[in-house]
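Student: Could you show me how to read a few features of a protein model? I am new to this.

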Amino acid sequence: MTGEKTPLKSLTQWQALEKHYAKMSKVHLRDLFANDPKRGENLSLEAAGIYFDYSKHRVTVETIKLLSALARASGLRDSIEAMFNGGKINVTEGRAVLHTALRAPKGAVVAVDGENVIPQVHEVLEKMESFAAKVRGGKWKGHTGRKIKNIVNIGIGGSDLGPVMAYEALKDYSQRGLTFRFVSNIDGTDFAEAVVDLDPAETLFIVASKTFTTQETMTNAGTARDWALARLKDKAAIAKHFVAVSTNAAKVKEFGIDTKNMFGFWDWVGGRYSMFSAIGLSTMIAIGPKHFRAMLEGAREMDEHYRTEPFDRNMPVLMGMLGVWYNNFFGAQSIAVLPYEQYLKRFPAYLQQLTMESTGKGVTLDGRPVDYQTGQIYWGEPGTNGQHSFYQLIHQGTKLIPCDFIAFSKPVHKLGRHHDLLMANVLAQAEALAFGKTAEELKKEGVKEWLIPHKTFEGNRPSTTMLLDELTPAALGKLVALYEHCVFTQGAIWQVGPFDQWGVELGKVLAGRIAPELEAKTEPELAHDSSTNALIRRYRASKG
């Protein structure tokens, strides 16, 4: 357990920010830019290949100094070192938190309980590389001797969201002769649609579950086994068409998978931080070992930046502190993540688990209820699609929604004017959000008086613009690590544990009680609340 900390709102640094907010809440971005002609250059930084422009935020240099002081008072620097050095900072589960070790170089030393874990990490990586090369090269054959052409990843949460996001993001790097599908939902439709056009003789399933007991994953895995055996007939086929990402060798063997084809990981890798571990096996098969290593290198570059740079020039720290600024002082409850890159269409969904499962906590690490907001809501869509959907609310609605714009200077596909028009849109949206359009400007343009209120844009809507060179495996690694460390920063400031998720457990327990009642042949005795009892009876009657 950690020692009890000074309550957040009792810190003098927090109180200084409250006074500062009273002043800043009345300041418009138009004035901030007018008063500092070089604001765009002064409030931006470049690191790990990302140009990070935060000048369109409602902050000054003084704001950043005050936020940095709060981060220091929250013990962020010591927390960062404890994480990188293998300290058991997941206090409710007594675990180290070492997703950063997954991308550490081979000669590094990171000890957990006195043992250097880096050799284990690289042993698994090399095993993944060997297997991926066999599948990609056609040397791994199915039970009937045919080459594997289809890979289906079965997982849920971090065992699904990371792999599917990475596959979609890096599809241009993937081996197009292979088909990749992802199954996570326990809804049978998810599995049925994933395999509807696949041949079992050419299909490999990757079952990703640390314990090999996760209800959704193992239900889908059992259905996959039945589907495969209905055609292949021989139980021995399971060993050629299924591999496991797990730590439970006994359960893997019981399922029928050869434990030689089990890829391990460790309890110091949380699910939502696991896409760089063996959970990324489908990603490595898709893009190849070389590109997977490049993704690790990109993440490592951001790790080093986070670990070494001062807070006021530290990209993940700045991102995390800006989130605290809006969440806790302006009352902004959500952040829109807006990638102007179609390949990043699943990136906002990936971030939803990374962020909200991490900081969606109502008690501090030492068990005290919080008396401030934690856990911002993350959401978004690729541009320009979102512009024709929800941007109206961001521009002229009553809610303050800070935005993260992500863009790339070079397109993956160079087609006519497409990329210049895409970039024109992302830059224009950030400009419009910041500066808006006044009634006076509309009058000068000759807009009719009655229409002016409808066309007025208040502006003063904050945003960050992140500009990278191009979407590569390394760039994706950098972006993922950036948001991982942003989450860690906020957890330290809010004094919550970003590495457990007890809030998801109760629903699982109750579902375990209800499922037998739904499946019972005779009317069960029900002891739930009247609403749940009535719904159970209605469902049983409706399904016949």
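**Reading contacts and strands**

Tutor: Let's begin with E445, which is partly exposed, with a relative accessible area of 48%. Here buried means under 20% relative accessible area, exposed over 50%, and partly exposed in between (1.4 Å probe, protein chains only). This is a predicted model: local features need pLDDT of at least 70, side-chain atom pairs count only at pLDDT 80 or more, and totals for chains, interfaces and linings use all residues. Residues are numbered from 1 along each chain as its sequence is written, and side-chain values use heavy atoms, with hydrogens and water left out.

Student: Which side chain does E445 meet in a salt bridge?

Tutor: A salt bridge is a side-chain nitrogen of Lys or Arg within 4 Å of a carboxyl oxygen of Asp or Glu. For E445 the partner is K437, at 2.5 Å from N to O. K437 is partly exposed too, at 27%.

Student: How many salt bridges are there in the whole structure?

Tutor: A search finds 25. One of them joins K345 and E168, at 3.8 Å from N to O. K345 sits in the loop between β10 (334–339) and α15 (347–359), while E168 belongs to helix α7 (residues 158–169), so this pair ties together parts that are 177 residues apart in sequence. Helices (H or I, at least four residues) and strands (E, at least two) are DSSP runs, numbered from the N terminus.

Student: Is E168 buried or exposed?

Tutor: E168 counts as buried, at 15% relative accessibility, whereas K345 is partly exposed at 39%.

Student: Which residues are linked in a network of salt bridges?

Tutor: Look for R146, K149, D199, E202 and R231.

Student: Now the strands, please. In what order do the six strands of the open sheet come?

Tutor: Strands of a sheet pair through backbone hydrogen bonds, either parallel or antiparallel. Two strands pair if DSSP finds at least two bridges between them. Here the order is β1-β2-β13-β12-β10-β11, with mixed pairing. At the edges are β1 (44–47) and β11 (377–379), each pairing on one side only. Inspect β10 and β12 (residues 403–408) too: they run parallel, joined by four bridges.
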